[in-house]
Amino acid sequence: MISLPGLKHNTGKTLMTHAVLLTYTVIALFPILVIIVNAFKSRKAIFKDPLALPTLDSFSLEGFEQVLGRADFGLYFGNSMIVTLVSLFFVLLLGAMAAWALTEYKFRGNLFLAVLIAMGIMIPIRLGTVSILNLMASLDLVNTLTALVLVYIAQGLPLAVFILSEFIRQVPKELKEAARCDNVSEYKIFFTIILPLIRPAMATVAVFTMIPIWNDLWFPLILAPGESTQTITLGVQQFIGQYVTDWNAVLSSLTLAIVPVLVLYVIFSRQLIRGLTSGAVK
Amino acid sequence: MADVKLSNIKKSYGNTPVLHGIDLDIKHGEFVVLVGASGCGKSTLLRLIAGLEDISSGELCIGEQQVNSLPPAQRGIAMVFQSYALYPHMTVFKNMSYGLKIAGKGKDFIDAKVREAARILHIDHLLERLPRELSGGQRQRVAIGRAIVRDPNVFLFDEPLSNLDAALRVKTRVEIGKLHQELGATIIYVTHDQVEAMTLGDKIVVMNQGRVEQCGTPLELYQHPATRFVGGFIGSPKMNFIDGKVAAIGSDHIEIQLSNGCRSRACVEAGDLKVGDSVTLGVRPEHIEERSDAGTLLSGDVSLVERLGEASFIYMTLGDGTEMVVRGSGESTVTTCERIEVSFAPHNAHVFDSNDRALRRLKPGNVHSTAQLAQLKAVGQETL
């Protein structure tokens, strides 16, 4: 190894950075770890020593048994999956299309639309809850998954458009021009050339969009609290009672709820790493 | 057959005019090179022909058809971009076949077309690779291949060689020349490199600040530059310019009092010039000789000598501070700071008037004049 003064300085800096990041990771992961660890313990063991790992004595799957034993748990799970995936699909599709239109075409109101969408990032959608509830009530959509999907699309779009515009702008303009010379229609250019090239960005947006939707408690509680439309986060609440809380069941269902997002994240994160544009232009 | 005809083509961005009325006639099968310094509008002109940008005013015809408002694909053109613009997520085969697939051609037809083009360009073995796995030269060939398979009436090349290294550039240049012979297609080629322009073009269009400065065969531009700009642009190293005043007018020459005190003869037609008018004398470095008896004598101090082997470029400063370049022989023994005398023959001199327009040369040396060239061409065609 070559010892340069500049390099040494950098190693120190790298160590510092990693120390900070590691500390943050530990703090962020600790509650999740506690949830998972305690999900595999008996009720007594949870209260005796919440931080202890499950031993042969304290190991128990009673929480999982209870959660999986209930038929409606599958329903909640399915609801969450449907809402998340459908919202995700539309956020990505509409977001990418809007981003393409806003960056590629010059039309009246282009800037106005862009500013409007940027404002969507700054103003939390929850401020509009009352009007949204009114709207859904008049549309007769209360207690339907459609209501949730619509709200989540609105919630996810601004950031999606914002991030994807940046990436679409980076696609070399010669590629689009070459395609136009090849008589490729604008739709085809978007779907066969632009979309494959911004896949890493789509994955980023997917992760950012998916997690808040999956974890949301607010809108399911307000818009779809009905028995048949509850999502997993809402479903967990029934184990939390005013006087008695079934911690085994709560922790087990939360542990189960982590799995699908984790799987989706693993799928998307592979895309995050790849830079696909290399080789397009020198 | 597809002649390309540009009549009074203008382009402005907002209120900024970029092209000020371009007229150009390109015959079928001609290799036309648009050349000029960066920012002169040559690439813009190409993009207008391609249909990638709108023409502000004027008329563009390809074949018999006015194509001003047609989209690129319907103009029968194919463009090769400076950056190649290959679709990065498609293999070479898919890159080349994409346009045909979109056009709804049959699978066998596409396959045959692509393989034929790949054979011409020697990229048959690369068809299954992705663009990022190719070298610069190979990518360039794929880009050309993508243009060939579409059988366009007109090929448009936008500085296709500027991303290649020097050796590859020369090689690819030769290949493009051969390709033109093989395909017999009309090619419009944009470059800022005058060597590319001279070697490839049947016709060169020199552009300057959004105007066509001169249009002609490579030798015409070299021997009869119409303006001082063309004189300086064509040829390397650049033509030397020395300011002066007309001192006397003869029947087959004029005499010029140069700013460094020398008096020079130049074999040009005087036209409207009068004694006392300011003119600029132009002499190419290769026409100045390292001896004192060729004609007009100039003396100055050598500031730098570049030795290329087959020649030496001698940079010298005349008495009045004018900088000059002389192409001396490779064996030249001149050294820096030395004082030397050089001379040039009167028939090698170019003279530009105060508006930078060239005066007609009367004895352009051992080379053909435009009229002679036209005559030769006519004779050649008859014998064919």
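**Cavities, pockets and the interface**

Analyst: Let me start with the second largest cavity, which has a volume of about 50 Å³. This is a predicted model: local features need pLDDT of at least 70, side-chain atom pairs count only at pLDDT 80 or more, and totals for chains, interfaces and linings use all residues. Residues are numbered from 1 along each chain as its sequence is written, chains are lettered from A and ligands numbered from 1 in the order in which they are written, and side-chain values use heavy atoms, with hydrogens and water left out.

User: What counts as a cavity, and what as a pocket?

Analyst: Both come from a 1 Å grid over the protein atoms alone. A cavity is a set of points where a 1.4 Å probe fits but cannot get out. A pocket is an open set with protein on both sides within 12 Å along at least five of seven lines. Lining residues have an atom within 4 Å of a point. Grid points are joined across faces, edges and corners, and a volume is the space filled by probe spheres set on the points.

User: Which residues line the second largest cavity?

Analyst: Ser80(A), Val83(A), Thr84(A), Tyr152(A), Ile213(A), Trp214(A), Asp216(A), Pro220(A), Thr231(A) and Thr233(A). Helix 4 of chain A gives the most, with 3 residues. Helices here are DSSP runs (H or I, at least four residues), strands are E runs of at least two, and both are numbered from the N terminus.

User: And by class, how does that lining divide?

Analyst: Into 5 nonpolar, 4 polar and 1 charged. Ala, Val, Leu, Ile, Met, Phe, Trp, Tyr, Cys and Pro count as nonpolar, Asp, Glu, Lys and Arg as charged, and the others, Gly among them, as polar.

User: How many cavities are there in the whole structure?

Analyst: The search finds 2 of 30 Å³ or more. Helix 4 of chain B gives the most, 3 residues.

User: OK, pockets. How much space lies in the largest pocket?

Analyst: About 700 Å³. The lining has 27 residues, and Glu104(A), Glu177(A), Arg180(A), Leu52(B) and Glu53(B) lie nearest the centre. Helix 8 of chain A supplies the largest share, 4 residues. By class, the lining has 9 nonpolar, 6 polar and 12 charged residues.

User: And the second largest pocket: how much space lies there?

Analyst: About 330 Å³. It is lined by 14 residues, and Trp214(A), Asn215(A), Ala257(A), Ile258(A) and Val261(A) are closest to its centre. Helix 13 of chain A gives the largest share, 6 residues. This lining has 11 nonpolar, 3 polar and no charged residues. Trp214(A) also lines the second largest cavity.

User: Now the interface. How many residues of chain B are in contact with chain A?

Analyst: 24 residues of chain B, against 23 of chain A. Contact means heavy atoms within 4.5 Å. The two chains bury about 2,100 Å² between them, 62% of it on carbon and sulfur atoms. Buried area is the accessible area (1.4 Å probe) that two parts lose on being put together, summed over both.

User: Which residues in chain B lose the most area to chain A?

Analyst: Tyr87(B), Pro88(B) and His89(B), together 23% of what that side buries.

User: How many salt bridges does the rule find across the interface?

Analyst: 2. The rule needs a side-chain nitrogen of Lys or Arg within 4 Å of a carboxyl oxygen of Asp or Glu. Arg47(B) and Glu177(A) meet in a salt bridge at 2.5 Å, N to O. Glu177(A) is also one of the residues nearest the centre of the largest pocket.

User: What about over all chains, how many salt bridges?

Analyst: 21. One of them joins Glu159(B) and Lys42(B) at 3.8 Å, N to O. Glu159(B) lies in the loop between strand 7 and helix 5 of chain B, and Lys42(B) in helix 1, so the pair ties together parts 117 residues apart in sequence.
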